[in-house]
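Notebook open, structure loaded. I'm jotting down what I looked up, in the order I got to it.

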Amino acid sequence: MTQTRFHFIAAGDDARRAYRELEAAFEDDGLPLAIVELDEKRDLHEISVYAEGDPEAVKAKIAEILQHALPSPLPVEQEILPDIDWVTKSLEGLQPVRSRRFLVHGSHDRTRKRIGDIGIEIDAGQAFGTGHHGTTSGCLDMLWQVARRERPRNALDLGTGSAVLAIALAKIARIPILATDIDPIATKVAAQNVRLNGVEAWVETRCAAGFHDPAFRERGPFGLILANILARPLMKLAPAMALHLAPGGSLILSGILERQRRAIVAAYATQGFRHVSTLPREGWVTLHMKR
Ligand code: SAH
């Protein structure tokens, strides 16, 4: 679909206020926004809103917001961007990623697999988890160590995204894995990837927010739980994690910034978890905890 970029230049607090208000106003529509510093000394910024579909409606909304946010009106320019399938394009540019013996690759890189590699083919553009993010590769590394050492009987991948972690675990452990995501699109992509990788006998995908689904009670408790979400939801989920982890089981958590690590360890300690190890990667940490 054709995209239109609306852009304008503003200075200092005006720029920041305009950006904040546009961000809040377009959050529900999911329109991407950008703020780029043009001149540090003059505190000048260019703000862009990328519209898909009906540009006239977006234009009117921007004008209305700026009228409130700025002391005097600013000219908003409009640019039509060429039609590019960015998802396909970005996937083509992705190089395969290695973590331990795992090789996460797109279908265009199938031939790059070497003897001994455990291939995970991910072509999803709509779900998170191509192995390139520090949190995903940290989890792959950690699950490789934990699963081989502990041989859990079953597992849960909470916030499965592309299902990359569930597929990796199924390939090395061959155990039943419940893979869930709050996002229905991610769950659909996860199910496709599970089939594409031939592990549908081991991985069951479900759309669920947190632990709100009867499947958790039916399939649990779990010997291993993987959750690469973000610090805040992870803190909230701590009591439920304790409930659904089998005695002596392991928890692998990621999506945590280095500075959030202590708060997470403390929140889980109150639920009877002890910290086993931390794996830092690209500013993120992956934690191994046991109970
Ligand atoms: N496991 C993948 C994807 C991580 S991205 C990987 O390691 O690469 C985090 C995923 O968690 C997203 O797909 C998001 O939709 C999902 N998510 C966020 N909050 C959630 C919640 N409360 N319950 C279930 N899934 C959640």
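How far does a polar side-chain atom of Asp181 lie from an oxygen atom of the ligand? I get 2.6 Å for that pair. Keep in mind that this is a predicted model, so the distance is computed from predicted coordinates.

**Ligand site.** I listed what sits around the ligand and got 16 residues, the closest being Thr136, Gly159, Asp181, Gly210 and Asn228. Thr136 also puts a polar side-chain atom 2.7 Å from a ligand oxygen atom. With Gly210 it is the backbone that takes part: one of its polar backbone atoms is 2.9 Å from a nitrogen atom of the ligand.

**Overall layout.** I stepped back to the whole chain next. It has 9 helices and 14 strands, and its C-alpha atoms fill a box of roughly 65 × 45 × 40 Å along the principal axes. The division is into domain 1 (2-89) and domain 2 (127-290), with their C-alpha centres 37 Å apart. Of the 291 residues, 47% are buried. I also checked contacts between residues at least 6 apart in sequence, and 66% of those join residues at least 24 apart.

**Helix H9.** Which residues of H9 are buried? In this helix, residues 261-269, I noted Ile264, Val265, Ala267 and Tyr268. They sit on the same side of H9, because the arc they cover around the axis is only 165 degrees.

Is His244 buried or exposed? It counts as buried, at 12% relative accessibility. Leaving out residues up to four places away in sequence, I found His244 touching Phe211, Phe216, Arg217, Pro221, Phe222 and Ile225. Pro221 is in the loop between helix H7 (214-219) and strand S11 (222-228).

**Positive phi.** Most residues other than glycine have a negative phi, and most peptide bonds are trans. I went looking for exceptions in phi and wrote down two. Asp43 has phi near 55 degrees and lies in the loop between strands S2 (33-39) and S3 (44-52). Arg174 has phi near 50 degrees, and its loop runs between helix H5 (164-173) and strand S9 (177-181). Asp43 is partly exposed at 23% relative accessibility, whereas Arg174 is exposed at 53%.

**Cysteines.** How many disulfides does a search of the whole structure find? The count is 0. I looked at two cysteines anyway: Cys139 is buried, with 0% relative accessible area, while Cys207 is partly exposed at 39%.

**Asp123.** Last entry. Asp123 is in the loop between strand S7 (118-121) and helix H4 (134-150), and at 31% relative accessible area it is partly exposed.

Methods: Residues numbered from 1 in each chain as written. Predicted model: local features only at pLDDT ≥ 70, side-chain atom pairs only at ≥ 80, totals over all residues. Heavy atoms only, no water. Domains from an automatic or database assignment. Buried < 20%, exposed > 50% of the residue type's maximum accessible area, 1.4 Å probe, protein only. Helix = DSSP H or I, 4+ residues; strand = E, 2+ residues; numbered from the N terminus. Arc of directions from axis to C-beta. Disulfide = S-S within 2.5 Å. Near = heavy atom within 4 Å. Polar contact = N/O pair within 3.5 Å; in protein donor to acceptor, adjacent residues only side chain to side chain. Contact = heavy atoms within 4.5 Å.
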